[in-house]
Amino acid sequence: MNGRIRNLGVAFMVLYTVLFAQLNRVQFVDAEDYKDHEGNIRPQLRAFGQERGDIVTADGVIAAFSVPVEAGEIDYRRSYPTDELYAHVVGFQSLNQGAFGLEREYNDELAGSRLDQQFGSLKDLFVDRDTTGTVVMTLRDDVQRAAADALGERNGSVVAIDPATGDVLAMWTYPSFDPNLLSGLDGTAVNEAYRALLDDPDNPLLAKSFREVFFPGSTFKLVTAAAALDLGGITLTDPVWPETDRYEPVPAGSAIRNFAGSTSGGDLLLALQRSCNATFAEIGAEWLGPDAMVRTAEKFGFNADPAIDLPDAAGSRYPTDYGAFIAELDAYQPEDSDPLPNGDTPIHENSAVLAQTAIGQNDVKATPLHMAMVAAAIANDGQMMTPHVVDEVRDADGGVYERVEPSVWRTSLSPFAAGQLREAMVNVAVNGTARAMQVDGLEVGGKTGTAQLGTTPASSHAWVVGFAGLPGQAPEIAVAVIVEAQPGASEQTGGAVAAPIARAVIEAAFGSG
Amino acid sequence: MTAVERRPSARPRVASLRPRRVELGLIALIAIVVVSAYGLASLGESASVPADIGPFLAWMLGLFFFVHLAVRRFAANADPVLLPMALLLNGIGYVMIARLSEDVEDGSDLAGLQSVWTAVGIVAFVATLVFVPRIRMLAQYRYLLGVAGLGLLALPLLPIGVEINGARIWVSIGPVNFQPGEFAKIALAIFFASYLVDARELIKTRIELRDLAPIGAAWAASVGVMVLERDLGSSMLVFALFVVLMWVATERTLFLGLGAGLFMVGGVVAFRAFSHVERRIDGWLDPWADPQDGGFQIIQATYSMAEGGLTGTGLGRGEPDRVPFAETDFIFAAIGEEMGLAGTAAILMAFLIVIGSGLRIAIRATRPFEKLLAVGLTTLLGIQAFIIMGGVVRLIPLTGITLPFVSYGGSALVSNYVVLALLMRLSHEQRTRPNATEAVAPR
């Protein structure tokens with residue numbers, strides 16, 4: 001039996017060695033990963049209960065602050081006096097569910113736990129100095145409120161950006177949630193509130209403004225137009241396309257029709273004004289080709305990691321695979337006709353898909369924030385600034401501890417093309433589908449979109465993107481509005497539903513609301 | 001092998017006090033460790049030395065000294081490290097429980113109860129040494145113990161049984177709650193050991209169906225426990241005990257394979273048929289698939305231990321109370337959080353030392369019954385510790401069972417001290433008569 005007993009001893013050694021190895025994995029090798037897990041609230045827990053700095057808007061409205069708690073182990077809890085208005089940006093700090101938004105992204109600065117915050121306090125070692133930081137947002141309370149009021153109780157998002165700096169002036173999604181429900185000290189109540197929010201089919205916890213992607217529909221024609229101006233040898237007035245109600249792709253595929261059988265054509269200026277599907281489909285597939293379209297979309301920040309200073313942002317995407325090259329466009333031309341000016345455009349197996357992407361369909365997806373950035377890049381002479389919701393962090397004495405400097409994220413199009421596109425968008429707001437966003441005394445440019453979702457019953461996302469500024473000066477605001485799943489599928493939907501919301505935001509920004 | 005043939009001594013060898021001196025030194029060291037930990041936990045939590053550190057020290061030293069004196073009197077030649085290891089585990093466990101009950105606001109004084117249970121356990125330890133002067137006498141009661149073991153195992157199924165946290169393993173008689181399964185395992189270990197002494201020669205030479213009946217019965221009983229009482233941990237423990245003893249007794253590897261096969265079949269059937277087993281398996285394979293419910297405990301335990309890292313947050317400075325059942329099933333995670341990998345590795349080492357001592361006793365034992373009993377008792381401690389530690393670190397599916405000597409729980413503490421006392425008794429007997437043929441009762 002002794003042999004077996006020794007074997008048993010070896011077996012125990014093996015079992016406990018494996019146990020020790022697994023312990024090393026959990027407590028050492030993978031420990032940092034586990035600490036960073038989204039559901040791991042211990043890092044927040046360390047901060048929960050300490051005093052934290054305020055989170056305030058650019059115009060001084062307090063969106064989050066710490067309230068002293070009288071009894072118990074916990075000294076402070078977070079309070080959000082603006083309720084749901086900034087919930088998706090500010091986030092919340094909860095005992096059980098972790099922290100979200102700026103409360104998570106700027107956890108250390110708010111708690112004053114960064115080494116240099118602590119280090120600054122060494123000189124007054126014997127004074128009980130407050131090391132917490134105050135986070136000042138770029139969001140303006142007046143603009144944010146206007147966005148929320150104008151959208152009302154319709155599911156959708158509104159984003160406003162300062163094109164020159166990338167400052168996010170407003171970022172609102174309906175439905176939102178009350179972060180005070182999640183910052184309480186009663187863990188059971190917090191869990192129940194959280195569970196209820198998770199179970200809500202409209203998903204109020206999700207900041208769809210920057211964490212959800214949608215079909216951009218016709219608003220994407222701005223990107224196609226930028227490619228046409230920069231790479232396609234096209235100007236606002238030349239060429240002039242014949243009137244048609246559809247685009248027949250090459251090689252043959254399903255035709256792309258205009259809305260409600262309307263005819264379209266004319267030059268690029270008119271095509272944008274009337275939002276012609278057939279014309280933009282042809283520009284994408286037969287004037288530009290996959291390479292120019294993909295290159296331009298990526299210059300606008302598609303297929304890139306999102307740039308916003310908030311956690312869990314979604315990236316916009318534009319399809320890149322159009323199959324193998326078949327021939328140049330000339331190969332499809334009847335032999336007796338004149339040579340096409342764009343006869344060397346490469347045609348690929350899936351050029352019909354390319355035609356769809358050129359009008360924002362197929363697999364093109366963008367966040368509302370990103371579409372505001374597209375408009376902002378056009379408004380800012382082609383420079384797409386890095387969007388940010390935090391302006392600066394101040395220390396307890398009011399001094400600036402950290403400032404977010406404006407930076408260029410992408411150079412999206414040439415200054416000349418940007419100027420041409422601004423002119424075309426102003427035209428759309430004067431004569432075209434975006435007339436409802438016009439504001440007296442301002443120069444407003446826009447582009448509507450209606451991303452169809454289905455036909456039974458017909459419903460679509462109503463979009464508008466645009467900019468506004470004093471006449472003759474650089475635009476000071478770029479906006480994007482999406483109202484989700486509106487009944488109907490007419491190109492008018494974006495103009496009728498979304499454009500008035502954009503107008504309200506612009507008016508608020510210029511103080512004329 | 002020795003050149004000089006030693007003649008059997010006619011009188012009992014005079015007990016050398018060397019093992020006891022070693023033991024006393026280790027106990028003194030452990031007293032320092034435990035009392036320091038107790039003080040540090042309080043300092044870490046409230047930045048003050050606990051008011052009761054004096055009484056605590058007195059109480060602990062009193063218990064330690066009492067048990068040491070009892071061993072000197074009743075098992076003077078026994079292994080010197082078994083008792084100190086148990087006291088170390090018990091002491092660390094007590095410090096964690098005291099530290100955790102600081103955070104409990106519902107008024108239940110787990111630490112106070114645990115200190116009482118520790119005293120009861122130590123009394124049970126001494127009582128076992130006193131009332132089991134010769135280990136051989138246990139074999140006389142084999143069938144009584146066998147029946148008692150099965151009866152205790154099934155006791156919670158009677159109306160006096162109580163279901164707590166989904167497992168029906170408690171019995172409530174008047175004001176007293178206890179887990180009969182904790183005592184059943186000892187009775188079954190003694191029964192299996194003595195039964196196999198008789199049966200092993202038969203089973204060794206030829207295998208007939210009726211010789212396989214006992215293993216079938218054990219399998220059925222363990223699956224029965226698993227199904228009816230929803231107690232996966234105890235069922236694994238009892239089954240492992242039986243398979244290990246069969247294997248060691250008959251020296252036939254066949255039983256190891258057969259046992260593993262049967263357990264897997266039982267496991268698969270249970271997985272298919274019972275949602276609580278399926279939940280445990282799912283929670284083991286991917287706890288993050290259901291982080292709020294099925295995976296909640298294991299995820300919290302993982303975060304807790306990850307927080308501890310190599311050296312821990314420091315006693316009293318972590319948040320181990322965020323893990324459910326931190327005083328019982330998950331006390332290993334609490335230790336991992338506040339004492340780090342260093343602390344959990346120390347616990348592992350302590351159990352390995354206990355296992356090593358236990359198996360050494362088994363090897364040095366001369367009679368089959370004593371050999372098998374030592375193997376069985378060691379397996380109980382070693383496997384039980386492995387089942388719960390492995391479950392907590394997600395090496396194996398989690399099953400609710402206590403970490404011997406460490407977890408909060410009266411029944412477990414008392415029964416494990418009885419196991420320890422039996423091992424001490426075995427050890428004392430061998431060392432007292434290294435080549436004797438007659439057992440000598442200590443006087």
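How closely do the axes of helix H11 (residues 221-231) of chain A and helix H16 (residues 415-431) of chain A come, and at roughly what angle do they cross? The axes come within 9 Å and cross at roughly 135°. Axes here are lines fitted to C-alpha atoms, for helices over the stretch in contact, and angles run from 0 to 180 degrees between N-to-C directions. H11(A) is therefore oblique to H16(A), given that angles under 35 degrees count as roughly parallel, over 145 as roughly antiparallel, 65 to 115 as roughly perpendicular and the rest as oblique.

The model is predicted: local features need pLDDT of at least 70, side-chain atom pairs count only at pLDDT 80 or more, and totals for chains, interfaces and linings use all residues. Residues are numbered from 1 along each chain as its sequence is written, while chains are lettered from A and ligands numbered from 1 in the order in which they are written.

The crossing of H11(A) and H16(A) is right-handed (a crossing is left-handed if the near helix is turned anticlockwise from the far one by less than a right angle, and right-handed if clockwise). On the H11(A) side, A:Leu222, A:Ala225, A:Ala226, A:Leu229 and A:Asp230 meet A:Ala417, A:Gln420, A:Leu421 and A:Ala424 of H16(A); residues are in contact if their C-beta atoms, placed from the backbone, lie within 7 Å. By class, this contact has seven nonpolar, one polar and one charged residues. Ala, Val, Leu, Ile, Met, Phe, Trp, Tyr, Cys and Pro count as nonpolar, Asp, Glu, Lys and Arg as charged, and the others, Gly among them, as polar.

Chain A contains 17 helices and 21 strands, taken as DSSP runs numbered from the N terminus (helices H or I, at least four residues; strands E, at least two). Of its 513 residues, 53% count as buried, a residue being buried if 20 or more other C-beta atoms lie within 10 Å of its own, exposed if 12 or fewer, and partly exposed in between. Among contacts in chain A between residues at least 6 apart in sequence, 69% join residues at least 24 apart. Within strand E19 (residues 443-455) of chain A lies A:Ala451, which is buried because 27 other C-beta atoms are within 10 Å. Leaving out residues up to four places away in sequence, A:Ala451 touches residues including A:Phe214, A:Phe215, A:His461 and A:Trp463.

In chain B, helix H3 (residues 82-101) and helix H15 (residues 410-432) pack at an angle of about 165°, with their axes 10 Å apart. H3(B) is therefore roughly antiparallel to H15(B). The crossing of these two helices is right-handed, and B:Leu82, B:Leu83 and B:Ala86 in H3(B) meet B:Leu420, B:Leu423 and B:Met424 in H15(B). The residues of this contact divide into six nonpolar, no polar and no charged.

The contact between the chains takes 25 residues from chain A and 35 residues from chain B. H1(A) gives the most to the side of chain A that touches chain B, with 17 residues.

How values were computed: Two residues are in contact if their C-beta atoms, placed from the backbone, lie within 7 Å.
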